[in-house]
Amino acid sequence: MSGELQQLVPTMMPSAARALLKGVALPVASALVLGLVMQFVVGPAIGAYPASVALQVGISVMLAVSLNIVNGYTGQFSIGHAGFFAVGAYVGAGISYYAALSGIDPASGQQPSQALSNGAWLVWNDGQNFLFSYGEWRMILASIVGGCVAAGLGYIVGLPSLRLRGDYLAIVTLGFGEITRVLLTQTKPQIFDRDELAATHAKDWVIPPMGGATGFSDIPAYASLMWVWFFVAVMIFFAYRVKQSSTGRALLSIREDEIAARSMGVNITKYKVRAFVLAAGLAGLAGSLYAHTGQVIRPQEAGFQRSFEVIIFVVLGGMGSISGVVLAAIILSILPEALRDLSEYRLIVYALLLILMMIVRPKGLFGVREIWEFWPFTRAKKSEKKVITP
Amino acid sequence: MVGRLATVVRRLSLGLGLAASVVAGGVVAIGAANAASEAAQPAKAESKAPIVIGHYGSLTGAEATFGQSTSEGIRLAIKELNASGGIDGRMVELKEYDTKGDPKEANLAVTRLVKSDKVVAVLGEVASGLSLAAAPVCQKAGVPMISPSSTNVRVTKVGDMIFRVCFIDPFQGLACAKFASENLKATKAAMLYDQKAPYSVDLAKEFKKAFEKMGGKVVAEQTYSGGDGDFTAQLTNIAASKPEVLFVPGYYTDVGNIALQVRKLGITCPMLGGDGWDSEQLGKTAGKAIEGSFYSNHYAPDQPDEQVKQFISKYQSAYGGKTPDGLAALGYDAANILFDAMKRAKSTDGKPLRDAIAATKDFKAVTGTITIDQNRDAKKSAVIVEMKGDPLGPKFKARVEP
């Protein structure tokens, strides 16, 4: 910490306030700006279909950034990330859907799908609600709860399994994803009727009515470009701060050499669990937002196919490079849509491009570095930066 | 401090800016492609411009034959319509996108059809889960959607723009139960269903309800997960209960394996299933094991109806002698019902077109005489077919009226 600012404002700004400004206000403000720009400038400019692609791109970026904390920074091979994603999606969707259902006015004569989405000003723009109405706040609350539940699960799963390494950890996490998928298929049928919902007792919620194998449909579509990209930016800031913190250094040291890290006093299990919990929480948040983009969520969301999708983002982006995985997630989510005109050959071309990228850049797009380390005018300063290279 | 802060801000803004610009770049590229395709379509005022309709289906993935068959049926209907002069002289064009069997893809594909390609109506999907993901998009945009073969009740409840031309799960379960009890004279039935597939779960539920109402008894109820390879445990339990009929409302991908293991364990009673069995693959996988089993379907190729005979000969000449399955017939019917409505509506706008589809009455389709009811579902009969003959294939057995 240099003395410049302290000389400038010696007493007016206590260090706590300064930390708050730098640590919270600034990131949130810039995230809000990005969200607003995506919603009101980029969205209308590119049209409805590209906008809904951009919405899904945002979800992919969040997943990639969250998995990067475990697979990238810490070097642990987790392949059950979709499990946390699905848990967050189901919890968030459950809260939002049943809260909205209990609030529907049967006399309004609206289609249920539309009535359910009342309260989402940015999505429906029905003129009744001003900016950020109740539905959206409810979505954010539900998403935070979803994230917390996923993080809690991450702790429970992580504590015993993170003593394992390599292949064993991969198997345990894969098992977690599959167990989640099977459990989700065992949930009870979704309740579509308001009166039926009012007649339920607490014991009916022991096994929640979340559609089972049928999937959870009619989830209110509160998530707009604004909210998704706001959270994308917040998560990127968060992931960056984690990487720069002492926790982040400890995680990176675990990736480089566990024995050396332990000999330096890093509690390996504790830090691995910490990374796992963070990643799970962020994935849960992303899952809840995904559920609110007007989707049907199915137990298959927890399956290993989705987990692998995210692993591909992280591996292709470069293990541990935030800007790398963000870029990879963006490119790889847009690619299948851009290739739509090739119809059946789309997936073949997609796979070929993956192979090509892996040949051209075997360590991922940016390796373990960040994009600004390749920037011409920051390169000169690189000497003063502590870059950990393998 | 200020210096460091500035560096951090610069770096982050670089990263974020780059991220945002890549997204913007990518989506603008897609947008530009769309704009180009929009520009390529002449304005609506020009009366001779082709009418574009959309189809989304699983052309790749585990259930690829569903999407491909449907697509072939739709293309045949369009070819015929255009050969006979189109709709008031306007040709019909098809835009088709793959869903990979993933609801997220279905949602995006239909958004593209409706918003970028500006189709006047959408046909699809086969799987109910995917139809449910896409239907709200059509509903919100005011574009009519006709699902050829989503049998789940929820699909048409999404809104007044969503229709279907197949029967719904409760009716199919009822038809199977009626056939089991009346034609097979069975009183003891066992069920083995795919707990992962909503279609299978619902069908089992409806069958049980109807069968027990008719005085029968479900003596064993077992589940599996789509994609399983070994069913010995479940089938041993079923064998112990000595059923007179085994109801397996799964998809053909699993039923073939199940049939082989059923016969290996010495269960000799006939198997009964739903339209998920309907694929050429079933006979190929199961062979002799499936012979003498029945399933309910939308139509049978050897049905003695004029519509069916004509459809089959047209289909075979168009696709190299291939026998159309039920999904191809439903795709064909869905497209024809849409064209019939377009002719009556004299407009391709969402509202009048919707009203015309809703008014469809006694339409002579390949899969039976179709009337659209007030729930936007099709009222029609089901057909029970038997797997027999050489080459092994579905043969007409009975018709069950609603």
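Q: What makes us say that domain 1 and domain 2 of chain B are in contact?
A: In this predicted model, 11 residues of domain 1 of chain B are in contact with 13 residues of domain 2 of chain B. Two residues count as in contact if their C-beta atoms, placed from the backbone, lie within 7 Å. On the domain 1 side, the elements giving two or more residues are α4 (128–141) and α11 (326–345) of chain B. By class, that side has four nonpolar, six polar and one charged residues. (Ala, Val, Leu, Ile, Met, Phe, Trp, Tyr, Cys and Pro count as nonpolar, Asp, Glu, Lys and Arg as charged, and the others, Gly among them, as polar.)

Q: How do you know where the domains of chain B run?
A: The bounds come from an automatic or database domain assignment. That assignment gives domain 1 (51–167 + 305–381) and domain 2 (170–297). Their C-alpha centres lie 29 Å apart.

Q: How should I read the numbering and the cut-offs?
A: Residues are numbered from 1 along each chain as its sequence is written, while chains are lettered from A and ligands numbered from 1 in the order in which they are written. As this is a predicted model, local features need pLDDT of at least 70, side-chain atom pairs count only at pLDDT 80 or more, and totals for chains, interfaces and linings use all residues.

Q: What makes α3 of chain B count as mostly covered?
A: A helix here is a DSSP run (H or I, at least four residues; strands are E, at least two), numbered from the N terminus. A residue is buried if 20 or more other C-beta atoms lie within 10 Å of its own, exposed if 12 or fewer, and partly exposed in between, with C-beta atoms placed from the backbone. In α3(B), 13 of its 14 residues pass as buried.

Q: Why are β2 and β5 of chain B said to stand at the edges?
A: The open sheet of five strands has the order β2-β1-β3-β4-β5 (chain B), with parallel pairing. β2 (92–98) and β5 (162–164) each have a single partner strand, so one side of each is left without a neighbour in the sheet.

Q: How do you know that β3 and β4 of chain B pair?
A: Two strands pair if DSSP finds at least two bridges between them. Two bridges join β3 (residues 122–123) to β4 (residues 145–147), so they pair. Ile146(B) is the bridge partner of Leu123(B).

Q: What is the pLDDT over residues 39–45 of chain B?
A: pLDDT is the predictor's confidence in each residue, from 0 to 100, and over residues 39–45 of chain B it stays under 50. Where pLDDT is low, the predicted coordinates should not be read in detail.
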